Amino acid sequence: MELLEIVVTLGMLVLLQAVLGFDNLLYISLESKRAPEEHQSSVRKWGIGIAVGLRIVLLFLLITMIGAFTDPWFKIPWGGVIEGTFNLHSLIVLLGGVFILYTAMKEIFHMIVVENFHTEIKRESASASSVVMKIVFMNAVFSFDSILSAIALVSDSSSNAGESISSTNFWIMVIAIMTGGGLMIWLADSVSEFLQRNRMYEVLGLFILFVVGILLLSEGGELAHLKLFGNEVHAMSKATFYFVITVLVLTEVVQSRYKKKLLQQQKSQRN
C-alpha cells in the first residue's frame, strides 16, 4: 500500500471507531456511576484500556477464526411462532441488547421513584472491579459492529472477509482501535462530568441507550434469521438509528429552552 492510501484508510478507520464508539462511551459514563466516587475516573480508564486490548484480540480472532463466530450453533424450529438459527455472533449481540435495555430501564425507573433529587438515594453501588468487567463486556459487544465494519472497509470486495486482510491492513486496524480507545479515555471524564452537571441530559442519554438496545436486538435477530409469528426481524439501519437520535436530541434542546422561557415568564409575572 502507498503511504497516502495508508493515511486515508487509517483516517477513515479512526472516524469509524469514533462514530460507532459514541453509544459505548455513553454506556461507560452512565455505568461508571455505580462505582465508588473516588474510583469512577480510574474505572472508566481501566475499563476502556482493557477493552481496547480485548478488541485487538477479537480482531485477530475474527480474521483467523471467523467461521467459529458465523457457524450455526442451534435452531429454534417452532414454525409460525418463533424460528431462528443462532450462532455465536448473534447470541453475543442479542445478549448485549438485552443487557443494555435492562440497564436503561432500571435507571429510568430509578429516576421515576426518586422524590427529592437533593437527597437522592444513591444507586445500588458496586465494586470498581465489577463495573470494569461490565464495561469490558459491553465494549466487546459493541466491538463486533466496529471491527466487522473495519474489516469490510479494508478487505478486497471480491474476497471473503478475513481472507484478504494483509499484515499492513491488520496493523492499520490495530492503530485505529488504539487511537479510538485513546479518544474514549480522553473524553470519558468530560462526558461523565457533563451528565453530572446537566442532569436533564442524563434522561436523554438513557433513552438513547434504550434505542441502542433495540438496535442490538434487531441486529442480533437478523443475524439469527429470526422470525416472530412468521415475520422476519430486520436490523435497524444506521441511518434510521442516527435519525432517531437526532430527533431525541433536538426534542430535548427545544423542550429545555421552552421550559426555561416559561420559568422566566412566570418569574417576571410574580414580580
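Me: What makes the largest nonpolar core a core, and which residues have the most contacts inside it?
Reply: This is a predicted model. A nonpolar core is a set of buried nonpolar residues joined through side-chain atoms within 4.5 Å. The largest one here has 28 residues. Those with the most contacts inside it are Leu 13, Val 43, Ile 48, Leu 58, Leu 59, Leu 62 and Met 173. Helices H1, H2, H3, H6 and H7 each supply at least two residues of this core. The largest share, 8 residues, comes from H7. There is also a second, separate core of 21 residues. It includes Phe 142, Leu 206, Leu 215 and Ile 245.

Me: Why is Gly 180 called buried?
Reply: Buried means under 20% relative accessible area. Gly 180 has 7% relative accessibility, so it counts as buried. Its place is in helix H7.

Me: How far apart are Gly 180 and Leu 15, in sequence and in space?
Reply: They are 165 residues apart in sequence. In space, their C-alpha atoms are 8.2 Å apart.

Me: Is Ser 218 buried or exposed, and how do you know?
Reply: The cut-off for buried is under 20%. Ser 218 has a relative accessible area of 9%, so it is buried. Ser 218 lies in helix H8, residues 199-223.

Me: What is Ser 218 in contact with, leaving aside neighbours within four places in sequence?
Reply: Contact means heavy atoms within 4.5 Å. By that test, Ser 218 is in contact with Val 233, His 234, Ala 235 and Met 236.

Me: Why is Val 8 called partly exposed?
Reply: Partly exposed lies between the buried limit of 20% and the exposed limit of 50%. Val 8 has 44% relative accessibility, so it falls in that middle class. Val 8 is found in helix H1, residues 3-20.

Me: What makes Leu 4, Val 8 and Met 12 a patch?
Reply: Patch residues need over 30% relative accessible area and no salt bridge, and nonpolar side chains are joined within 5 Å. Leu 4, Val 8 and Met 12 form such a nonpolar patch on the surface. Together they have about 300 Å² of accessible area.

Me: How do you know that E2 and E3 pair?
Reply: Two strands pair if there are at least two bridges between them. Strand E2 (residues 82-87) and strand E3 (residues 227-228) have 2 bridges, in the antiparallel sense. Ile 82 stands opposite Leu 228 in E3.

Me: What joins E1 to E2?
Reply: 6 bridges join them, and the two strands run antiparallel. Pro 72 stands opposite Asn 87 in E2. E1 and E2 form a hairpin with 3 residues between them. Gly 80 in the turn has a positive phi of about 85°.

Me: Why are E1 and E4 called edge strands?
Reply: The open sheet has 4 strands in the order E1-E2-E3-E4, with antiparallel pairing. Strand E1 (72-78) and strand E4 (231-232) each pair on one side only, and they are the edge strands.

Me: Why does E1 lie largely in the open?
Reply: A residue must be under 20% to count as buried. Of the 7 residues of E1, the number buried is 0, so the strand lies largely in the open.

Terms used
Residues are numbered from 1 along each chain as its sequence is written. This is a predicted model: local features need pLDDT of at least 70, side-chain atom pairs count only at pLDDT 80 or more; totals for chains, interfaces and linings use all residues. Side-chain values use heavy atoms; hydrogens and water are left out. Patches are made of residues with over 30% relative accessible area and no salt bridge: like charges are joined within 9 Å, nonpolar side chains (Val, Leu, Ile, Met, Phe, Trp, Tyr) within 5 Å. Accessible areas come from the Shrake-Rupley method with a 1.4 Å probe; for residues, only the protein chains shown count as cover. A salt bridge is a side-chain nitrogen of Lys or Arg within 4 Å of a carboxyl oxygen of Asp or Glu. Buried means under 20% relative accessible area, exposed over 50%, partly exposed in between (1.4 Å probe, protein chains only).
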